[in-house]
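Hi,

Here is the structure I promised to pass on. Have a look at it first, and then read my notes below.

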Amino acid sequence: MTRTVVAPSIVVGSYQQTLINKDRVAHGLRPLSWSSCLATIARSNAVRISYQGQNISHTNGPTRDLGCHLGYHAGENIGWYSAGINDTWANNAFMASPDHRANILSPYYHYVATSWVKGANGYGYIAVEFS
């Protein structure tokens, strides 16, 4: 039997940045600017976690984020959603989680990039990189 490998479908620059910036402004923080360097990292991390399925994990995202030389602080939010790509769901889930919320509302970050990947299983996988 031949195994077919399905390449993930990548979506860069989703509505997630807009939702993050709405949350920040609502909490008296300035919006985050888009970074193409962080977008490259978000894309590669979203692809990586799409291959992990439901057992996603952080690896070296924040360390790689620092390599963009955008500041001295970096963070990462990752997640998956079984119904595919859904920015509103992901943002609500991140804001409901203390650690993810802390990244979104950190006063130390000035840049963000997001990427969704639709995995072979139909799930949506998101990586959000902050610096």
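**What I found**

The largest nonpolar core has 13 residues, and Ile 20, Ile 104, Val 128 and Phe 130 are the ones with the most contacts inside it. Helix H4 (87–96), E4 and E5 are the elements that give two or more residues to this core. Apart from it lies another core, this one of nine residues, including Ala 42, Ala 46, Tyr 123 and Ala 127. As background, nonpolar side chains tend to be buried together in soluble globular proteins. Do keep in mind that this is a predicted model.

If you leave aside its neighbours within four places in sequence, Val 128 is in contact with Gln 16, Ile 20, Gly 75, Glu 76, Asn 77, Phe 94, Val 112, Ala 113 and Thr 114.

**The strands**

Strand E4 (residues 111–118) is mostly covered, with six of its eight residues buried. What does E4 pair with? Strand E5 (residues 124–130) runs antiparallel to E4, and seven bridges join them.

**Two helices**

Helix H1 covers residues 16–26, and its buried residues are Gln 16, Gln 17, Leu 19, Ile 20, Asn 21, Asp 23 and Arg 24. What do the buried residues of H1 pack against? They pack against E2, H4, helix H5 (98–104), E4 and E5. After H1 comes Gly 28, with a positive phi near 75°.

Now try helix H2 (residues 36–52). Its 17 residues should span 24 Å at 1.5 Å a residue, and the end C-alpha atoms are 25 Å apart, which agrees. At the N-terminal end, Ser 35 caps H2, with a side-chain oxygen 3.3 Å from the backbone nitrogen of Cys 37. Gly 53 follows H2, and its phi is positive, near 75°. The buried residues of H2 are Leu 38, Ala 39, Ile 41, Ala 42, Asn 45, Ala 46, Val 47, Arg 48, Ile 49 and Ser 50. When you look down a helix, remember that an α-helix has 3.6 residues a turn, so residues three or four places apart point the same way.

**The disulfide**

How many disulfides are there? The count comes to one. Cys 37 and Cys 68 form it, with their sulfur atoms 2.0 Å apart. The link of Cys 37 and Cys 68 is left-handed, with -85° about the S-S bond. Cys 37 lies in helix H2 and Cys 68 in the loop between helix H3 (61–66) and strand E3 (75–81), so the pair ties together parts that are 31 residues apart in sequence. Are these two cysteines buried or exposed? Cys 37 has 33% relative accessibility, so it counts as partly exposed, while Cys 68 is at 11% and counts as buried.

**One last residue**

His 69 sits in the loop between H3 and E3. Its phi is positive, near 60°, in a residue other than glycine. Most residues other than glycine have a negative phi. His 69 is exposed, with a relative accessible area of 71%.

Cheers

Terms used: Residues are numbered from 1 along each chain as its sequence is written. This is a predicted model: local features need pLDDT of at least 70, side-chain atom pairs count only at pLDDT 80 or more; totals for chains, interfaces and linings use all residues. Side-chain values use heavy atoms; hydrogens and water are left out. Helices (H or I, at least four residues) and strands (E, at least two) are DSSP runs, numbered from the N terminus. The expected span of a helix is 1.5 Å times one less than its number of residues. Buried means under 20% relative accessible area, exposed over 50%, partly exposed in between (1.4 Å probe, protein chains only). A polar contact is a pair of N or O atoms within 3.5 Å; within protein, one must be able to donate a hydrogen and the other to accept it, and residues adjacent in sequence count only if both atoms are side-chain atoms. A disulfide is a pair of cysteine sulfur atoms within 2.5 Å. Two strands pair if DSSP finds at least two bridges between them. A nonpolar core is a set of buried Ala, Val, Leu, Ile, Met, Phe, Trp, Tyr and Cys residues joined through side-chain atoms within 4.5 Å. Contact means heavy atoms within 4.5 Å.
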